[in-house]
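Visitor: I would like a quick tour of this model. Please keep the terms clear as we go.

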Amino acid sequence: MGSADSPSVAALPTSGRLFPVRTPRSAPAPGSNYESTMTDDSLAAAAAEEEPVSPTARLMEDIYIVVTVGLGCPVNLPVFSAGIAAQLARYPRFSSIQVTDEYNGGNPRWVRTAVNVDDHMIVPTLDPAAMEADPDRAVEDYKTSLPALPMDPSRPLWEFHFLDFPTSEATSTVVIRVHHSMGDGMSLITLLLASARSAADPARLPAMPEQPSRTGAIYTPRPRSAGFLESFVMRIWLYLMLAWNTVVDVIFFAATILFLRDPDTVFRRGDSDVTLKPRRRFVHRSLSLDDVKYIKNAMNCTVNDVLVGATSAALSRYYFRQYGYSKTRKLCLRSALFVNTRPTASLQKYVNMIESGKSSEVAWGNQLGYILLPFHLAMHDDPLAYVRKAKKTVDRKKSSLEVIFTCKMSEFFLKMLGLKAGAFIFQRMFTNTTISFSNMVGPTEQVEFYGHPAIFIAPSIYGIPQALGVHYQSYNRTLKVILSVNEEIFPDYAQLLDDFAQSFGHIKDAASRISTPVKKE
């Protein structure tokens, strides 16, 4: 069983940077780290299943996903470990390591290896007095320590950390840490859902919400119903707007990589050095998903519109309180937003494929594009103004191929100019913007993992240059807002989290004063 202070962990580099295992040739060298745990048959199978590490995954060298799951019962570690061990065969990537060969220019590839699940199950020893005095803070402090604990690259880069004591929200907590090169948020939530079962009926998979129609990375322009001529003209106009918006967005993206930088504010510092490893705090707050849907229906918009608008409102409250500016001042900050390029219906589809034994057909890894999403900060007397502005902004971004072009541009420069050029673009995209933002959809009912009911799910990331990451995760009838903050820049992060809760409340109250919304799910 692993532990947070085991000697093998302490002996590793403390930078947290990923160092792929190196071999002098394509076949495993005798006595190499991964051959010693594999049979001849498994080595042959592994060789057939090897694949190169994707360009996007190689750019994720310092980025990790952290998922906090609150459980409704004490941890039964043998049962949990056995459940994970039984699932590993279905997920080849999670039983693989990165190996770099000298013969092919040092390009890493994924190689299957035997996995000792106990090496990935970590039960840390915490201060009993701290756990008793403030268990929520004890969990928060432990998660803050994770970036300083490097992962062993000779093993698959995932871990489960078990904190088996009650907090204000859960009976026990499990913190999952996964290196981002192994997959994006979509891959991880797919894995979790395929490993989970409905708490109401453990014989079936969790129920997932329906998603908006989208066949890829963008929403195809569709004119409203009209006569043939009007429909034809409208379609031409929409595609012209799509082309124009794409050109504008790509120009702004290129300018951001080269010189265009968000202004220095309370959310970022001009003298910040992205090579530093600041302390990261991961904090979260539960909101009512029904309230968010109520706002969506009242405003005739989407859940994403509501989340972007409420985020703008929360950041505005924090910004204007810190600076004391007049209400006439306005500011635009940008987020580097990862966009899943898979079809929106793929989550449920992939979970079903895994369940039917077709996990090899699932699009694992990092299937991501990028957009620069603006957040408009201002003090509005009407809280609904934030949602209206957000809807306009999001609709504008949907009418653009920015995500496709930025993805292909990054891949082109990475392949033609090498990893350093791709890393330069990737880093500048983050360092010249202010916020990391994401929204993930989860099950519509309570789920359980190997007999452990999940109370909440709260994903986040670290390793990004931005001082602030804002992440949303829906689960059951709850929406979690999760903040990943640089503790030095946001010593009052608890107040910022309160601003999010209060902003949602003000928007909900304002929505309740307009005409009764039409019920739409």
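Guide: Helices (H or I, at least four residues) and strands (E, at least two) are DSSP runs, numbered from the N terminus. This is a predicted model, where local features need pLDDT of at least 70, side-chain atom pairs count only at pLDDT 80 or more, and totals for chains, interfaces and linings use all residues. Residues are numbered from 1 along each chain as its sequence is written, and side-chain values use heavy atoms, with hydrogens and water left out.

Visitor: In which helix is Thr-256 found?
Guide: Look within residues 228-258. That helix is α8.

Visitor: Is Thr-256 buried or exposed?
Guide: Buried means under 20% relative accessible area, exposed over 50%, partly exposed in between (1.4 Å probe, protein chains only). Thr-256 has 1% relative accessibility, so the residue counts as buried.

Visitor: Which residues does Thr-256 contact, leaving aside neighbours within four places in sequence?
Guide: Contact means heavy atoms within 4.5 Å. On that basis, Thr-256 meets Arg-334, Leu-372, Arg-428, Asn-432 and Thr-433.

Visitor: How many residues are in the largest nonpolar core?
Guide: A nonpolar core is a set of buried Ala, Val, Leu, Ile, Met, Phe, Trp, Tyr and Cys residues joined through side-chain atoms within 4.5 Å. In the largest one, Trp-158, Phe-160 and Met-429 have the most contacts. Not counting residues up to four places away in sequence, Met-429 touches Phe-253, Ile-257, Ala-336, Tyr-370 and Leu-372. The core's residue count is 67.

Visitor: How many residues are in the second, separate core?
Guide: Its members include Cys-301, Ala-313, Leu-496 and Phe-504. The count is 54.

Visitor: What arc do the buried residues of α4 cover?
Guide: Helix α4 (residues 77-87) buries Leu-77, Phe-80, Ser-81, Gly-83, Ile-84 and Gln-87. They lie on the same side of α4, because their arc around the axis, taken from the directions from the helix axis to the C-beta atoms, is only 160 degrees.

Visitor: Which exposed residues does the opposite face of α4 carry?
Guide: This face is turned away from the buried side of α4. Its exposed residues are Pro-78 and Ala-86.

Visitor: Which strands stand at the edges of the seven-stranded sheet?
Guide: Two strands pair if DSSP finds at least two bridges between them. The open sheet runs β6-β7-β8-β3-β15-β14-β9, with mixed pairing. Each edge strand has a single partner, so one side is left without a neighbour in the sheet; these strands are β6 and β9.
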